[in-house]
Amino acid sequence: MASLLSTTLNITARVAPGPVGRVAFALFVRPLGRPKVKPGEAEVMARAVTGRLVVDGIPVTTYRWGDGDRPVLIVHGWTSRASRFAGFVEALLAEGRTVVSFDAPGHGASGGRATTILRQREIIRRLHAQYGEFSDVLAHSFGVVATFFALRDGIRADRIVGIGAIADFDFLAARFRAMLGVNQAVEDAMRRHIQRRLFPSEPDIWPRFDARRHPEEIPSQILLVHDADDDTADPGQSRALAAAYGERARLIETSGLGHRRILLDPHVIATTVEFLSATASQTRAASPAETTEATR
């Protein structure tokens, strides 16, 4: 079926780009499955105070641990959920931090079947309005580019941690094209559909979805952690982010953890929490070349 669909889209894209763009977009914004809470995550999730937002008519489940000011915001990745950060939540709570997170539309305990970076931004805006200014943001994969997109919109954080980062829309589009087996004409049709549907009055919107763009707009200290064996997000995405943000960014490269198991690694969790728990005066980000490390 997948082969038939890709063949049909490839053939039709040049003669009927409008319908092809709509179909491609519908596939692009829909996660592949809805993972359940794992046994090792259940106890942490049971301790969360759950809430609900409605974004574009879709119920969104939110979570809060602790009741302090300036919480740490956690933004999960594609086809994932907030519970995947259970180890980080426990470690942050042990440091006396407050944590806020959510399941994106089409993910976890939230409703809907699809999400977009605009929906992600709106959820982050609502949580910012509800809980006040974030101290830090911890994000994974697609959540990283969504975080940078939101932080250019009046939301601030002292520190950002990006794990297995995806930095720009072009990478997402290229990966989608490769996974579905479609050609450039299909991607072009999808881009035109996105432009017309979501940004009808804004020409050339694609640079807005590049986390490397205008680094001066995001003055945060940044820690990037990426595994050399990540088969979902190319490590070059984090390297490019580190290069763009220069002295404010530190890059740690791990080995043998992949794209998802990296969220379970005790060393990654400890290093992340140490970075997020540092005061501004303690947080000194060296150049990427000086700070690249390998862990197992």
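The lining of the largest pocket divides into 22 nonpolar, six polar and three charged residues; here Ala, Val, Leu, Ile, Met, Phe, Trp, Tyr, Cys and Pro count as nonpolar, Asp, Glu, Lys and Arg as charged, and the others, Gly among them, as polar. This is a predicted model, in which local features need pLDDT of at least 70 and side-chain atom pairs count only at pLDDT 80 or more, while totals for chains, interfaces and linings use all residues. Residues are numbered from 1 along each chain as its sequence is written, and side-chain values use heavy atoms, with hydrogens and water left out.

**The largest pocket**

- The volume of the largest pocket is about 780 Å³, taken as the space filled by probe spheres set on grid points that are joined across faces, edges and corners.
- A pocket, on a 1 Å grid over the protein atoms alone, is an open set of points where a 1.4 Å probe fits, with protein on both sides within 12 Å along at least five of seven lines; lining residues have an atom within 4 Å of a point.
- There are 31 lining residues, and Leu-27, Phe-28, Trp-78, Leu-172 and Phe-176 lie nearest the centre of the pocket.
- At least two lining residues come from each of helices H2 (17-28), H5 (117-131), H6 (142-151), H7 (169-180) and H8 (184-198); helices (H or I, at least four residues) and strands (E, at least two) are DSSP runs, numbered from the N terminus.
- H7 gives the most to this lining, with six residues.

**A nonpolar surface patch**

- Leu-5, Val-23 and Leu-27 form a nonpolar patch on the surface, with about 190 Å² of accessible area together.
- Such a patch joins nonpolar side chains (Val, Leu, Ile, Met, Phe, Trp, Tyr) within 5 Å, from residues with over 30% relative accessible area and no salt bridge; the areas come from the Shrake-Rupley method with a 1.4 Å probe, and only the protein chains shown count as cover for residues.
- Val-23 sits in helix H2 and counts as partly exposed because its relative accessibility is 37%; buried means under 20%, exposed over 50%, and partly exposed in between (1.4 Å probe, protein chains only).

**Backbone angles to check**

- Arg-70 is not a glycine, yet has a positive phi of about 45°; it is found in the loop between strands S2 (58-65) and S3 (72-75).
- Thr-79, also not a glycine, has a positive phi of about 50° and lies in the loop between S3 and helix H4 (86-94).
- Arg-70 is partly exposed at 31% relative accessibility, whereas Thr-79 is buried at 12%.

**Salt bridges**

- The whole structure holds 20 salt bridges, each a side-chain nitrogen of Lys or Arg within 4 Å of a carboxyl oxygen of Asp or Glu.
- Arg-47 and Glu-90 meet in a salt bridge at 3.8 Å, N to O. The pair links distant parts of the chain, 43 residues apart: Arg-47 is in the loop between helix H3 (39-46) and strand S1 (49-55), and Glu-90 is in helix H4.
- Arg-177 pairs with Glu-187, their closest N and O atoms being 2.1 Å apart.
- Arg-177 is partly exposed at 22% relative accessible area, whereas Glu-187 is buried at 6%.
- Arg-212 and Asp-210 form a salt bridge with closest N and O atoms 2.8 Å apart.
- Glu-122, Arg-125, Arg-126 and Asp-153 are linked in a network of salt bridges.

Notes:
Patch = residues over 30% accessible without salt bridge, like charges linked within 9 Å, V, L, I, M, F, W, Y side chains within 5 Å.
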